[in-house]
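Please brief me on this protein structure.

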Amino acid sequence: MLATKNYKFWFCTGSQDLYGDECLEHVAEHSKIIVAKLNESGLLPFEVVWKPTLITNELIRKTFNEANNDEECAGVITWMHTFSPAKSWILGLQEFRKPLLHLHTQFNEEIPYDTIDMDFMNENQSAHGDREYGHIVTRMGIERKVIVGHWSDKVVQERIASWMRTAIGVIESSHIRVMRVADNMRNVAVTEGDKVEAHLKFGWEIDAYPVNEIAESVAAVSAADTNALVEEYYSKYDILLEGRDPEEFKKHVAVQAQIELGFERFLEEKNYHAIVTHFGDLGALQQLPGLAIQRLMEKGYGFGGEGDWKTAAMVRLMKIMTQGVKDAKGTSFMEDYTYNFVKGKEGILQAHMLEVCPSIADGPISIKCQPLSMGDREDPTRLVFTSKEGHGVACSLIDLGNRFRLIINDVDCKKVEKPMPKLPVATNFWVPQPDLYTGAEAWILAGGAHHTAFSYDLTAEQMGDWAAAMSIEAVYIDKDTTIRQFKNELMWNSVFYK
Ligand code: MN
């Protein structure tokens, strides 16, 4: 479900023919070494492909257009080995439509004090040439990432790796298709939004289907397929009967297995990557999809509750960006539920009525069957667990009427002090940075939703860079946030984004 293309990133080195053929030979040789070493580092999630040195307007323009047309190229990394007059880059950059990284590096790490002469200076003048190039990219108003440092430095390589994931988010955003099998919950404001503007800004296709069309797909799933999946559940998860009859319990589990298969087939057939449901609009479905949605999220589908298509698309986006992360800790739809205000133990208990992705689980996962006051259907089964400790980002995409704003909060996930045996839902517990009081105050001032797209495996920098590439406002709530500064930022942004 999460399979994306075999993406690659092109490495384009800038120079000019002023310094003679020998110099250009060195430039090519050096950039080939850099590309080889970057690929050998084992740190980059995607391959870097070396391209011939760019020295003329024609070649620059041709190369950028080839990058546009190559379906596997997810972005271009540029570096000026020598001086490269930046007017040469204007036409190519004007026509380029993919993520751009300016790697501000140089071949040698140290100044060769004993041997340095003017020939060396002319051949190795990235400090000089990259400024000329950076100037034109800024003058043209092109969004790009700039990473500074020696190419062999692990920190630099990790930053390139991190940017590659943002670039994949930028490229893949326009492939996200969200299926709405229900409208937004009545009277709720923050889950609403302009779907046409979302299509323009992010490339998202957001379509509605009558709930009973997907319910028919569920009803069409055979008993044999359903039972096989139930057996998989029973082998994989702990069964917490809590006094219920085992056979009756199993029938309730089977309803979710049938929903999982029916939903998955319907989504695959119609080529959607995210889905929203709404407890108030379940049509012929026997239960609110709980366990079924949790499993689909784990497979890579985006999800938003109560018709929240913005969060569903964000969850899908963040799952794509984290695909293949080594030792990934998980990405999920999440909702702020209840506070702990005890001094020194402050935090927010995160959950949803059912739908939290098991990718974030820590330890055993159980199936429970409990009544649900919302939805007017039979007791739904759901996966129950607690979540991992560690740093994560909670993101809320809101529509302010004249623009989208992405709110990005660094959060620290912790264990709750005591078990919560009566709580029949999966949970996470986090402390927003810089602390609960400032973090929640800033979140509310920014207009952030109760629903979030959460990941342990992405950084605020990656999410903010994605927002910048989408030309939308992003605000960060992190260790450096103060309310006075944050309010000013919101005020200044309101003028900039008018
Ligand atoms: Mn909700």
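The model is predicted: local features need pLDDT of at least 70, side-chain atom pairs count only at pLDDT 80 or more, and totals for chains, interfaces and linings use all residues. Residues are numbered from 1 along each chain as its sequence is written, and side-chain values use heavy atoms, without hydrogens and water.

**Negative patch**
- Asp17, Asp21, Glu22, Glu25, Glu29, Asp117 and Asp119 gather in a patch of negative charge on the surface.
- Patch residues have over 30% relative accessible area and no salt bridge, with like charges joined within 9 Å and nonpolar side chains within 5 Å.
- A salt bridge puts a side-chain nitrogen of Lys or Arg within 4 Å of a carboxyl oxygen of Asp or Glu.
- Helix 1 (residues 21-40) gives the largest share of the negative patch, four residues.
- Helices are DSSP runs (H or I, at least four residues), and strands are E runs of at least two.
- Asp21 sits in helix 1 and is exposed, at 60% relative accessibility.
- Exposed means over 50% relative accessible area, buried under 20%, and partly exposed in between (1.4 Å probe, protein chains only).

**Nonpolar patch**
- Ile111, Tyr113, Ile116, Met118 and Met121 form a nonpolar surface patch with about 520 Å² of accessible area together.
- Areas come from the Shrake-Rupley method with a 1.4 Å probe.
- Tyr113 lies in the loop between strand 4 (100-104) and helix 4 (118-123), and is exposed at 59% relative accessibility.

**Helix 10**
- Asn271 follows helix 10, with a positive phi near 60 degrees.

**Ala453**
- Ala453 belongs to strand 18 (residues 451-455) and is buried, at 0% relative accessible area.

Terms used:
Lys and Arg count as positive and Asp and Glu as negative; His and the chain ends are not counted. The place of a charge is taken as NZ of Lys, CZ of Arg, CG of Asp or CD of Glu.
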